Amino acid sequence: MKATAVKASALLLLWTWAGAALAQAPANDFPTEARADYVFACMAANGQTPDALKKCACSIDVIASILPYDRYVEAETVLSMRLGVGRQASMFRAANFEEMVAELRRAQAEGEIRCFY
């Protein structure tokens, strides 16, 4: 009976520790590849300097803290599709995508304010 109580206590401790570790993990963590892609593009626009690297990395961290990755991908896809021509591209200019794009733009603006100024 004593061994069972020790096992139960150990299991409870492990479960509590795992729960705490999960609670500390970022809720909207972007994959490393997505973060790197953003930083490379940002540095291309802002200079290939160590200062630009810091600011761009900061900016994607801010965006990731505001916007879940799946919504980020959806909004980026809409923006990229809007660059095209023809009927398919015009579908992505429809009003039903405006809030999605606006949400991304707000997150990007927050990143710029916090990291570039």
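**Aromatic contacts and helix packing**

Both F30 and Y72 are buried in this predicted model. The two residues form a tilted aromatic pair, with 4.9 Å from centre to centre and 50° between the ring planes. F30 is located in the loop between helix 1 (2-24) and helix 2 (32-46), whereas Y72 belongs to helix 4, so the pair ties together parts that lie 42 residues apart in sequence. In total, the structure holds three aromatic pairs, and ring pairs link F30, Y69 and Y72 into a cluster.

Y72 also takes part in the contact between helix 4 and helix 6. The axes of helix 4 (residues 69-82) and helix 6 (residues 98-116) come within 9 Å and cross at roughly 110°. Angles of 65 to 115 degrees count as roughly perpendicular; helix 4 and helix 6 are therefore roughly perpendicular to each other. On the side of helix 4, the contact involves R71, Y72, E74, A75, E76, V78, L79 and R82, which meet E98, M100, V101, E103, L104, R105 and Q108 of helix 6. Classified by residue type, the contact of helix 4 with helix 6 comprises seven nonpolar, one polar and seven charged residues.

Helix 6 also contains R106. With a relative accessible area of 47%, R106 is partly exposed, a class that lies between buried, under 20%, and exposed, over 50%. R106 and I63 are separated by 43 residues in sequence, and the C-alpha to C-alpha distance between R106 and I63 is 8.9 Å.

How values were computed:
Residues are numbered from 1 along each chain as its sequence is written. This is a predicted model: local features need pLDDT of at least 70, side-chain atom pairs count only at pLDDT 80 or more; totals for chains, interfaces and linings use all residues. Side-chain values use heavy atoms; hydrogens and water are left out. Axes are lines fitted to C-alpha atoms, for helices over the stretch in contact, and angles run from 0 to 180 degrees between N-to-C directions. Helices (H or I, at least four residues) and strands (E, at least two) are DSSP runs, numbered from the N terminus. Angles under 35 degrees count as roughly parallel, over 145 as roughly antiparallel, 65 to 115 as roughly perpendicular and the rest as oblique. Contact means heavy atoms within 4.5 Å. Ala, Val, Leu, Ile, Met, Phe, Trp, Tyr, Cys and Pro count as nonpolar, Asp, Glu, Lys and Arg as charged, and the others, Gly among them, as polar. Buried means under 20% relative accessible area, exposed over 50%, partly exposed in between (1.4 Å probe, protein chains only). Rings of Phe, Tyr and Trp (its six-membered ring) pair if their centres lie within 6.5 Å; planes under 30 degrees apart count as stacked, over 60 as edge-to-face and the rest as tilted.
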